[in-house]
Amino acid sequence: MTSPTTETGPAHERVVAAQGKAAVLREALPWITRFHGQTVVIKYGGNAMVDDELKRSFAADVALLQFVGLRPVIVHGGGPQISALAGQLGVSSAFVGGLRVTDEAMMDVVRMSLLGQVNPELVGLVQAAGAPAVGVAGTDAGLLQVRPAVGPQGEDLGLVGEVERVDTGYLDELLGDGFLPVVATVGRDADGHERNVNADLAAGAIAAALGASKLVYLTDVEGLYQDFGDPERQSLMSEVSADGLQGMLDAGELHEGMRPKVRSIVRAIGEGVPQAHILDGRVLHAVLIEIFTDEGVGTMITAGGPS
Ligand SMILES: Nc1ncnc2c1ncn2[C@@H]1O[C@H](COP(=O)(O)OP(=O)(O)O)[C@@H](O)[C@H]1O
Ligand SMILES: CC(=O)N[C@@H](CCC(=O)OP(=O)(O)O)C(=O)O
């Protein structure tokens with residue numbers, strides 16, 4: 001009897017195609033084994049929430065991470081979504097050092113957008129993919145305890161919060177019970193007031209407090225560029241050390257939304273998170289490619305390695 005793989009024709013081609021798919025699954029095995037039971041914090045930036053298909057695909061990918069034994073936590077942003085709602089409601093916003101100056105009216109918009117729109121939508125998409133997602137506000141059970149934040153030159157930012165302490169008790173319970181937390185980054189200060197927390201900074205603090213094995217940022221660029229903004233010289237950095245990043249921060253080489261990500265990564269690595277990644281969330285399955293294949297995508301940041 002001939003084996004199916006030695007035949008020719010459509011049946012043979014189907015087997016070969018299926019073998020290709022099986023090989024992809026097989027390639028994932030060492031990574032699934034390595035990260036089994038490990039916590040991975042994935043920051044889903046508002047700029048990466050480009051369209052419904054991408055959002056659905058992201059949610060299904062994170063559900064898959066859980067099905068194969070990882071403990072994913074989503075921390076989402078929603079900057080563009082907050083700005084859009086603020087525009088519709090006639091509330092204006094200014095940014096200082098990448099942080100949105102937040103007065104009472106803007107705080108209402110932040111709540112409406114993050115807690116009322118972005119979070120429930122993501123929770124619904126992850127649930128639709130079959131995983132038991134739970135929406136969590138940073139104000140729940142002392143998760144994000146914050147103090148008033150100030151700008152780089154000591155500017156008053158209003159109701160912006162800087163993370164002071166993370167109580168992971170609630171997240172630990174949820175993860176231990178098999179739930180998939182989806183965190184909206186509104187925090188609470190010592191006076192009990194809600195404050196707007198930058199999602200990049202919150203994600204790093206949560207990853208460090210949970211003892212995560214990986215911190216992943218999904219954004220709207222391929223990764224971190226050297227000489228960003230100079231079309232002649234700009235190049236993607238595939239790997240960089242936390243020290244190297246600190247050097248770039250000190251030299252003022254990082255701007256806009258990248259600064260809080262990098263600050264947060266440097267801090268999280270200093271607090272024991274072994275590796276962080278900045279990936280292009282506009283690419284389908286970016287998270288799966290990073291975690292489960294041998295391909296390096298985006299920028300990987302580690303404690304050591306080349307700077
Ligand atoms: N060195 C750099 N490399 C890549 N992107 C950079 C760099 N410096 C600044 N940026 C900017 O950071 C942006 C990503 O941050 P942000 O707009 O806050 O997105 P997100 O919503 O994902 O948090 C990029 O679109 C880019 O304009
Ligand atoms: C204080 C502050 O800046 N908070 C952010 C919170 C949302 C966020 O961080 O969203 P992205 O990750 O999509 O940028 C804001 O108001 O835009």
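Biologist: Where is the place of glycine 79?

Modeller: Helices (H or I, at least four residues) and strands (E, at least two) are DSSP runs, numbered from the N terminus. Glycine 79 is in helix 3 (residues 79-89). This is a predicted model, in which local features need pLDDT of at least 70 and side-chain atom pairs count only at pLDDT 80 or more, while totals for chains, interfaces and linings use all residues. Residues are numbered from 1 along each chain as its sequence is written, with chains lettered from A and ligands numbered from 1 in the order in which they are written.

Biologist: Does glycine 79 count as buried or exposed?

Modeller: A residue is buried if 20 or more other C-beta atoms, placed from the backbone, lie within 10 Å of its own, exposed if 12 or fewer, and partly exposed in between. Glycine 79 has 21 C-beta neighbours inside 10 Å and therefore counts as buried.

Biologist: Which residues are in contact with arginine 100, leaving aside its neighbours within four places in sequence?

Modeller: Contact requires C-beta atoms, placed from the backbone, to lie within 7 Å. With those neighbours left aside, arginine 100 is in contact with Ser93, Phe95, Met106 and Asn196. Arginine 100 itself is in strand 4 (residues 99-100).

Biologist: Which residues of helix 2 are buried?

Modeller: By the criterion already stated, they are Phe58, Ala59, Asp61, Val62, Ala63, Leu65 and Gln66. The buried residues of helix 2 pack against several elements, including strand 1 (39-44) and helix 4 (104-128). Just after helix 2, glycine 69 takes a positive phi of about 110 degrees.

Methods:
Two residues are in contact if their C-beta atoms, placed from the backbone, lie within 7 Å.
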